[in-house]
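Please open the model in your viewer and keep the selection panel at hand.

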Amino acid sequence: MEKILDIVEAIAHEKGLKPEKVTEALKTAFIQTAKRVINPKFAFETVVNNQTKTLDVIQIITVVSDDDKRLQDEEVAPAYISITEAREYDDQVEIDDQLQIPHDLEEYGRTAASSLHREIEYHIQRLVEDEIFNKYKSKIGSLVTGRVTRVDNQNATYIEIDEIRAVLPMKSRIKGEVFKVGDHLKAVVRRVDMNKENGIQIELSRTSPKFLEELLALEVPEIADGTVIVEKSARIPGERAKIALFSTHPQVDAVGATVGVKGVRINAVSQELIGENIDCIEYTTIPELFISRIMSPAIISAVEIVRDESGQAQKAIITLPSDQKSKAIGKNGINIRLASMLSGLNIELVENDSKISQNGEIQEPKEQKDGVDALEALFN
């Protein structure tokens, strides 16, 4: 108990906490100990005594009127005293004055010391957990690196990150990835929770579009310093991704800077994503032009944005030649799904092989003759 404030700096330095918060935790520990060993119904406060470097425990009794209902409540009555009774001790007291009675926890022996030790340990631990929780809560969507410590029967991967252990569920792993104990891996923080039973729980992800964006920031200095902005991104993990980029500097090509010389930058990111193909697209605020770009490699004829009564875009109708339809859809529908995710619109494809004549009439393409008719047409 002697000079207990001397340990504040030591605890703060060891646990990476602010001294002010450690002092508040100690105050709470002293109050809880006083309630435990003296009387749980008393109202206590702790006061920092800078001369003795200790925390003084003070019982607070508030003066109330004789007919105050709190005097009849057994749970809170010990914290209050009627003005008539208070004036028996001091005839100068008024309603709402507070009487202070000092208590020395050392008088309560080993019981108080043991209880105080447990309380300090508990509150410091809660303080540490709160600091860690707030630290990682602010890192949601940010890249972290850790070492694999365990892989369970459900193929959930547990990763040690600094002072905490996080989990990478099977659903948040790229298809085909296999990790073993000792591997180092990168992921983004997807979710942070805390409860009394399990403490802090951190869930990571390698399938989030944010993971792609964070990897790009590592490889592309122009993205890291804000010269190139990743406006939107969409992924089908392990297969293909599309990112929309724009440059804040007129002399910097957003797509060229991201791809790098001979594709060295984008290839490094693709390698981390198990060979995921990444399409880089220049972003524009013109929706029709933007959609025509994100439909690459398909070459489209026209884009029509369908809006609701409030003017909100609902879907995009894309007109394109029939020979471009397969490119627009992509293998297993990947291209059109990514385009829809990136634009946030439902996409409808319409084939158009018709040609419009100069007088405005639509001319359907004539069927080609084959066989004998085709040869006759050739020689005649």
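What does the accessible surface of the protein chain come to, and what percentage of it belongs to carbon and sulfur atoms? The surface comes to about 23000 Å², of which 47% belongs to carbon and sulfur atoms; areas come from the Shrake-Rupley method with a 1.4 Å probe. This is a predicted model, in which local features need pLDDT of at least 70, side-chain atom pairs count only at pLDDT 80 or more, and totals for chains, interfaces and linings use all residues. Residues are numbered from 1 along each chain as its sequence is written, and side-chain values use heavy atoms, with hydrogens and water left out.

Select the whole chain. Its C-alpha atoms fill a box of roughly 130 × 55 × 45 Å along the principal axes. Of its 380 residues, 38% are buried (under 20% relative accessible area, 1.4 Å probe, protein chains only).

Switch to a cartoon view. The chain has 12 helices and 17 strands (DSSP runs, H or I of at least four residues and E of at least two, numbered from the N terminus).

Next, select residues 302-307 and 346-351, strands E13 and E15. They are the edge strands of an open sheet with the order E13-E14-E15 and mixed pairing; two strands pair if DSSP finds at least two bridges between them.

Finally, select residues 287-294: helix H9 lies across E13 and E14.

Note on methods. Contact = heavy atoms within 4.5 Å. Axes fitted to C-alpha atoms, helices over the stretch in contact; angles between N-to-C directions. Buried < 20%, exposed > 50% of the residue type's maximum accessible area, 1.4 Å probe, protein only.
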